[in-house]
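A few lead sentences are followed by points grouped by topic.

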Amino acid sequence: MDTKRILTGDRPTGKLHIGHYFGSLQNRVKLQQIYETFIEVADVQALTDNFANPEKVKNNVKEIVMDELAVGIDPNKVTFFLQSMIPEIAELTVFYSNLVTIARLERNPTVKTEIAQKREIFGESVTYGFLGYPVSQAADITAFDATLIPVGEDQLPLIEQCREIVRKFNSIYGETLKEPQAYLGENKRIKGLDGNEKMGKSLGNAIYLADNEEEIVKKVMSAITDPNRIKKDDPGNPNICMVAYYHNLFSTKEEIEAICEECKKGKRGCVTCKKQLIKNIVEHLAPIQEKRHYYEERPKLVKEILIEGTVKARKEAKITMEKVKNAMKLDYFKEG
Ligand code: TRP
């Protein structure tokens, strides 16, 4: 096993969908074979914009872990932990907050975009907690000495901010923390069923890993197809059809070729095409859902995985904390 350590995380605000699956989960499944991997359930970060919905955050913790286990993350290889159960992360966040200016946080493009999208939560003035979540994320990463952070492109500014904090810390208090690197992997961003660039819960355009056949039928049937194709025998353009886009993810090469060919000639109706896609999605998700059911029926096991992982993660965070406190001269009660 390589010496690099991976840390990544998810905010528990909803179940995971196929955008997560193709965008990051498949990548995690691969990387767990090569690197020691920590996966954080970022409940504290989720609360920064869901502080008024603690139930929602709580309920999604186990859903997220079950989704991860269902796609093949191996609990014997990977350490799952809960952010709120690692007080060292909160402690580091306080120390790091001296090393970041408000102007720098306000310039963070990811935070900026999110604040603009969350006007209904924050109104005119964003909370201190939300503006500062990049600091807390830097604590997530450095608490575990993680050096490789598999993330989507939208997270790059957060990793950059973490690197700056690390450099500043090391330059003031001496070489203590490791500078992490983002790992983009294949990083496919999956469009929504409506053609939106992003698939998301709030956008209502996602297929969840846990969706049953009925839900998948409903969603695929309402997917956007070539708008110029009005009658069944009009020639279609698969390049502007979301059903064709999803066939590319779930169907075989031969199927895709045949579908596109017939569509362009006006020989294949959209309903037939959608039905075939539904069948392929259902088949693809079947083993994932079977595994998910296994864990759904064993809530105790899921809890144990989280508890065990959190205990292990906490040990690591304590080691970092000790180094950080020594570097910062916060070692009053030490002997000698
Ligand atoms: N900000 C990430 C997201 O919204 C979640 C996250 C929290 C994270 N802590 C992290 C990602 C540490 C990578 C590393 O998806």
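**Briefing on the predicted model**

D145 has a relative accessible area of 19% and is therefore buried, since buried means under 20%. D145 belongs to the loop between α9 and β4 (148-150), and the phi angle of D145 is near 60°, a positive value in a residue other than glycine. The points below move from the chain as a whole to the ligand and then to individual residues.

**The chain as a whole**

- The secondary structure of the chain consists of 15 helices and five strands.
- Along the principal axes, the C-alpha atoms fill a box of roughly 85 × 45 × 35 Å.
- The chain has 336 residues, of which 49% count as buried.
- Its accessible surface is about 17500 Å², and carbon and sulfur atoms account for 53% of that surface.
- Among contacts in the chain with a separation of 6 or more, 77% are between residues 24 or more positions apart.

**The ligand and its surroundings**

- The ligand is surrounded by 13 residues, and the closest of them are R11, Q45, Q137, D140 and Q155.
- The side chain of Q137 places an N or O atom 2.8 Å from a nitrogen atom of the ligand.
- For Q155, a polar side-chain atom is found 3.0 Å from a nitrogen atom of the ligand.
- E40 has a polar side-chain atom 3.4 Å from a nitrogen atom of the ligand.
- The ligand taken alone exposes 370 Å², and the protein buries 88% of this area.

**Helix α9**

- Helix α9 spans residues 133-142 and is mostly covered, with ten of its ten residues buried.
- The buried residues of α9 include Q137 and D140, both of which are also among the residues closest to the ligand.
- Other buried residues of this helix include Y133, P134, V135 and I141.

- I6 is located in strand β1 (residues 5-10), and I6 counts as buried because its relative accessibility is 1%.
- Leaving aside residues up to four places away in sequence, I6 touches L31, Y35, E36, T37, F38, A146, L148 and P150.
- I6 is 162 residues from K168 in sequence, and the two are 22 Å apart in space, C-alpha to C-alpha.
- N50 is part of helix α2 (residues 43-50), and with a relative accessibility of 6% N50 counts as buried.
- A polar atom of the N50 side chain is 3.0 Å from the backbone oxygen of A46.
- Apart from residues up to four places away in sequence, N50 touches T13, K56 and V57.

**Features at the surface**

- V217, M221 and V271 make a nonpolar surface patch of about 200 Å².
- M221 lies in helix α11 (residues 213-221), and M221 counts as partly exposed because its relative accessibility is 30%.
- K329 is in the segment after α15 (299-327), and K329 counts as exposed because its relative accessibility is 61%.
- The phi angle of K329 is near 65°, a positive value in a residue other than glycine.

Conventions. Residues numbered from 1 in each chain as written. Predicted model: local features only at pLDDT ≥ 70, side-chain atom pairs only at ≥ 80, totals over all residues. Heavy atoms only, no water. Patch = residues over 30% accessible without salt bridge, like charges linked within 9 Å, V, L, I, M, F, W, Y side chains within 5 Å. Areas by Shrake-Rupley, 256 points an atom, 1.4 Å probe, with all protein chains shown as cover. Salt bridge = Lys/Arg side-chain N within 4 Å of Asp/Glu carboxyl O. Helix = DSSP H or I, 4+ residues; strand = E, 2+ residues; numbered from the N terminus. Buried < 20%, exposed > 50% of the residue type's maximum accessible area, 1.4 Å probe, protein only. Near = heavy atom within 4 Å. Polar contact = N/O pair within 3.5 Å; in protein donor to acceptor, adjacent residues only side chain to side chain. Contact = heavy atoms within 4.5 Å.
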